[in-house]
Amino acid sequence: MRIILVTGGNRGIGLEICRQLESLGHTVIMGSRHLEKGQEAAEAFCKNVVVQQLDVTDELSIMRLYAFIHENYGRLDVLINNAGIGESIQSGAQTTTVRIREIMVRKCSGIWKIARTTVPFMRRTGIIARNDKAETVSIDKVKLLYDTNLFGSWRMIQAFIPLLEKSEKGQIINISSGSGSLNALSGSYPAYSMSKASLNALTLMFSNELKGKGISVNAMCPGWVKTDMGGPLAPLQAWQGADTAVWLADSEDLPTGKFFKNREEIGW
């Protein structure tokens, strides 16, 4: 049984990671920015998960969680840096997006027909934000995404190294994206893509730095998943997006400094 911390665990891929790891018998700590939302999610989907408040952009919040895990468990076996934000689906549009997904399922067939008939409408109405380019994106938006997607993971790793060192086989798993692959960078969704490319670089840096401490550090791409961030057109369900992270967290012997998708190593 492992002690596993999942950041941003109250919804989407993070919630599914918590659910699957709990079902495998691990002790799962769900970090949720809003404690009440985490408790509601756990009550509905994974009752034995331990819910704790966590905002990865707030160092005081991180240290409170560190103190809780130190006092109650004395170690951490796996840190899964899942908390992240995107730039494609605008905040506040969740209810409308869900409603449109229901309409699409009833009236449309085939992913391309869905895309042709709904994406223009969703862009016009603001449900999907217009796709920024590197030459036009607001640097303030870039900073906002970096603070969670990159610096949030960086803060977590720095804070929890002492507890990961107490594990026989400490692991750090960074939830990244194929959008952050250097071979895939195109200028589309620049804030998100750059934040994930930087997270990949962080993965490599810490894998080299921590291998002497017996801590493996890897990244994984969940694919395009039907979540609040991924939107209603995504082809994958949350359980599919969570699978590789769960496989990594449950594995006994792992390499370090690798990038995975669908349980296979992919290029940076």
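These questions and answers walk through a predicted model.

Visitor: Is Ser61 buried or exposed?
Guide: Ser61 sits in helix α3, which covers residues 59-72. Its relative accessible area is 0%, and buried means under 20%. Ser61 is therefore buried.

Visitor: Which residues does Ser61 contact, leaving aside its neighbours within four places in sequence?
Guide: Neighbours within four places in sequence are set aside here. What remains in contact with Ser61 is Gln53, Leu54 and Asp55.

Visitor: How many aromatic pairs does the structure hold, and what kind of pair do Phe68 and Tyr73 form?
Guide: The structure holds six aromatic pairs. The ring centres of Phe68 and Tyr73 lie 6.3 Å apart, with the planes at 70 degrees. Planes over 60 degrees apart count as edge-to-face, so this pair is edge-to-face.

Visitor: What kind of pair do the rings of Phe259 and Trp268 form?
Guide: Phe259 is buried at 1% relative accessibility, while Trp268 is partly exposed at 26%. Their ring centres are 5.0 Å apart and their planes stand at 15 degrees. Planes under 30 degrees apart count as stacked, so the pair is stacked.

Visitor: Which residues do ring pairs link into a cluster?
Guide: Ring pairs can share members, and one cluster is found here. Its members are Tyr146, Phe151 and Trp154.

Visitor: How many residues of α8 are buried?
Guide: Helix α8 covers residues 190-210. From its first C-alpha to its last it reaches 30 Å, close to the 30 Å expected at 1.5 Å a residue. The helix is mostly covered, and of its 21 residues the number buried is 15.

Visitor: What is the phi of Tyr189, and where does Tyr189 lie?
Guide: Tyr189 lies in the loop between β5 and α8. With 25% relative accessibility, Tyr189 is partly exposed. Although Tyr189 is not a glycine, its phi is positive, at about 45 degrees.

Visitor: What is the phi of Arg263?
Guide: Arg263 is in the loop between β7 (259-261) and β8 (264-266). Arg263 is partly exposed, with a relative accessible area of 42%. Arg263 is not a glycine either, yet its phi is positive, at about 65 degrees.

Visitor: How many residues apart are Glu252 and Arg2?
Guide: The side chains of Glu252 and Arg2 meet in a salt bridge at 3.5 Å, N to O. This pair links distant parts of the chain: Glu252 is in the loop between α9 and β7, and Arg2 is in the segment before β1. The two are 250 residues apart.

Visitor: Are Glu43 and Lys47 buried or exposed?
Guide: The side chains of Glu43 and Lys47 meet in a salt bridge at 3.0 Å, N to O. Both residues are exposed.

Visitor: Which residues form one network with Glu87?
Guide: Glu87, in the loop between β4 and α4, and Lys141, in helix α6, are 54 residues apart. Their side chains meet in a salt bridge at 3.9 Å, N to O. Glu87 is buried at 9% relative accessibility, whereas Lys141 is partly exposed at 24%. Through salt bridges that share partners, Glu87 is joined into one network with Asp132 and Lys141.

How values were computed:
Residues numbered from 1 in each chain as written. Predicted model: local features only at pLDDT ≥ 70, side-chain atom pairs only at ≥ 80, totals over all residues. Heavy atoms only, no water. Helix = DSSP H or I, 4+ residues; strand = E, 2+ residues; numbered from the N terminus. Buried < 20%, exposed > 50% of the residue type's maximum accessible area, 1.4 Å probe, protein only. Contact = heavy atoms within 4.5 Å. Phe/Tyr/Trp six-rings, centres within 6.5 Å; stacked < 30°, edge-to-face > 60°. Expected span 1.5 Å × (residues − 1). Salt bridge = Lys/Arg side-chain N within 4 Å of Asp/Glu carboxyl O.
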